[in-house]
Amino acid sequence: MPCLESLSLYKSNQIITGKELAPATRLSELTLGKQCIETVSLNIFLARSSLHRLSLLNCTFCATNVPLTSDSIERLSFQPVYGELLPLFPNLKVLDVEGTQETDFSSILKQISKNYKRLERLTIGVKCGEIGQFAVCLATEASLTIPFSLPTELDRLKVIQINRMDLNKIDWIACTGSKVEYIRLNGCSINGIGCKNLVQTFKHLQALYLDHCYLRLPRADLFDIDETCSKGLRTYAPHCKISYYDCHIEDLYDYCGRSGPVI
């Protein structure tokens, strides 16, 4: 066990303290599944270890007000997360956070911007079969928008992937100044105006991937899937690659010059 570099532990509701891992002095990658984590004790192990990658899958915490801490961890996968305190990993570079429809993503985003100043890649969203929202309290107000300013606070962030989130009320203008270069929207709902604002706001954006997305009105005509549209998203971001894969366009009749009612 002293030479072990990667370890995965899966056992329902077993309490893990870190003492079980002490002999694994060279451990660099750890996956915990369905464990109950004794945070204070595990922090002692983390402080002594050289762990670089940690995955927490369907885990619970004995003390929800005590976060995990580590200076060595650079990659974290946390699934699912609700409103818990995110770990304090100041050198984190890659973060994958998966929540549910009940997750308070506003709180999650605030913690990310505060705790992970070295973050380079972020994946955030909900599990398959659900659609999440970044601010549930605002989602019912049609006139309100939700600011998404996270990228401007993390100047090392280059890649964002958002999974299965409702983005129709997101105010991308709050991201002005972001250095993000790649964005992938997977299974998200977004309208044409919002997507136009997105590509115009992220000035350094090199590629936007829309995979399995629900492309909605208003201005669904901006989604220039066949690349023949002269007034689509590509005209607002000529240096950005825009890719569509298995997307559904909402009630689109007049698409890129085809006959039908104007949207």
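Modeller: Happy to. Start with Glu102, which has a relative accessible area of 61%. This is a predicted model, where local features need pLDDT of at least 70, side-chain atom pairs count only at pLDDT 80 or more, and totals for chains, interfaces and linings use all residues. Residues are numbered from 1 along each chain as its sequence is written, and side-chain values use heavy atoms, with hydrogens and water left out.

Biologist: Why is Glu102 called exposed?

Modeller: Exposed means over 50% relative accessible area, buried under 20%, and partly exposed in between, with a 1.4 Å probe and protein chains only. Glu102 has 61%, so it counts as exposed.

Biologist: Where is Glu102 found?

Modeller: Glu102 is in the loop between strand 6 (94–99) and helix 2 (105–115). Helices (H or I, at least four residues) and strands (E, at least two) are DSSP runs, numbered from the N terminus.

Biologist: Which residues of helix 1 are buried?

Modeller: In helix 1 (residues 39–48), those are Thr39, Leu42, Asn43, Phe45 and Leu46.

Biologist: What puts them on the same side of helix 1?

Modeller: They cover an arc of only 160° around the axis, so they share one side. That arc is taken from the directions from the helix axis to the C-beta atoms. Ala47 and Arg48, on the other side of helix 1, are exposed.

Biologist: What do the buried residues of helix 1 pack against?

Modeller: Strand 2 (29–37) and strand 4 (60–61). Contact here means heavy atoms within 4.5 Å.
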